[in-house]
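Here are some exercises to work through with the model open beside you. Try each one before reading its solution.

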Amino acid sequence: MDKSGEMRYTGRNGGDGMFQLTGYLGGYDEDICREDTDFLVTSAGHYRLVKRPVFETVRPEGRQDYQILYVAQGSLEVRTGEEERLISEGEGVLFRPGEPQWYRYRLENSPEAYWMHFTGRGAGQLLEDAGLGGQFIRA
């Protein structure tokens with residue numbers, strides 16, 4: 001977190017073969033888990049492959065926070081447990097604390113996705129109340 005307590009934002013447009021617009025409460029990939037607040041977004045972003053053929057995230061132990069990954073265009077490969085599947089436009093996936101995370105963007109699938117990491121003592125109940133109790137989400 002910067003000295004003002006505000007999120008820091010970064011934006012890149014294709015220099016590494018992908019468009020990235022991101023904001024972080026802490027450092028990049030910092031795993032923030034907070035129980036002193038009901039709900040707190042710790043990072044969020046928008047990714048789109050431009051030239052880069054593949055972008056993959058692998059977290060075998062997962063993270064301490066929640067992550068929602070939503071596909072706005074194209075498709076992404078996602079693995080949850082032993083199941084690997086393609087999620088497409090209008091679909092998403094929810095990773096809970098401690099769940100392994102694996103997903104892959106492939107340029108050939110024209111992927112564009114939004115993601116958010118969040119935490120808080122009320123996060124689980126908020127998801128349930130919003131009807132997001134399952135792993136996969138359909139908008």
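**Exercise 1.** In this predicted model, classify D38 by its relative accessibility, then find its salt-bridge partner.

*Solution.* Start with the area: D38 has 46% relative accessibility, so it counts as partly exposed, since exposed requires over 50%. Next, look for the partner: R121 forms a salt bridge with D38, with the closest N and O atoms 3.0 Å apart. The two residues are 83 apart in the chain, D38 in the loop between β2 and β3 and R121 in the loop between β10 (112-119) and α1 (123-129). R121, at 48% relative accessibility, is partly exposed.

**Exercise 2.** Determine which residues F39 touches, leaving out those up to four places away in sequence.

*Solution.* First place F39: it lies in the loop between β2 (18-24) and β3 (40-49). Then list its contacts, which are F118, T119, G120, A123 and L126. For A123, the C-alpha atoms are 5.6 Å apart although 84 residues separate the pair in sequence. F39 is partly exposed, with a relative accessible area of 35%.

**Exercise 3.** Decide whether E77 is buried or exposed, and trace the salt-bridge network that includes it.

*Solution.* The relative accessible area of E77 is 12%; buried means under 20%, so E77 is buried. Now follow its side chain: E77 meets R106 in a salt bridge (2.5 Å, N to O). This pair links strand β6 (residues 75-80), which holds E77, to strand β9 (residues 101-106), which holds R106. Finally, shared partners join E56, E77, R104 and R106 into one network.

Key
Residues are numbered from 1 along each chain as its sequence is written. This is a predicted model: local features need pLDDT of at least 70, side-chain atom pairs count only at pLDDT 80 or more; totals for chains, interfaces and linings use all residues. Side-chain values use heavy atoms; hydrogens and water are left out. Helices (H or I, at least four residues) and strands (E, at least two) are DSSP runs, numbered from the N terminus. Buried means under 20% relative accessible area, exposed over 50%, partly exposed in between (1.4 Å probe, protein chains only). Contact means heavy atoms within 4.5 Å. A salt bridge is a side-chain nitrogen of Lys or Arg within 4 Å of a carboxyl oxygen of Asp or Glu.
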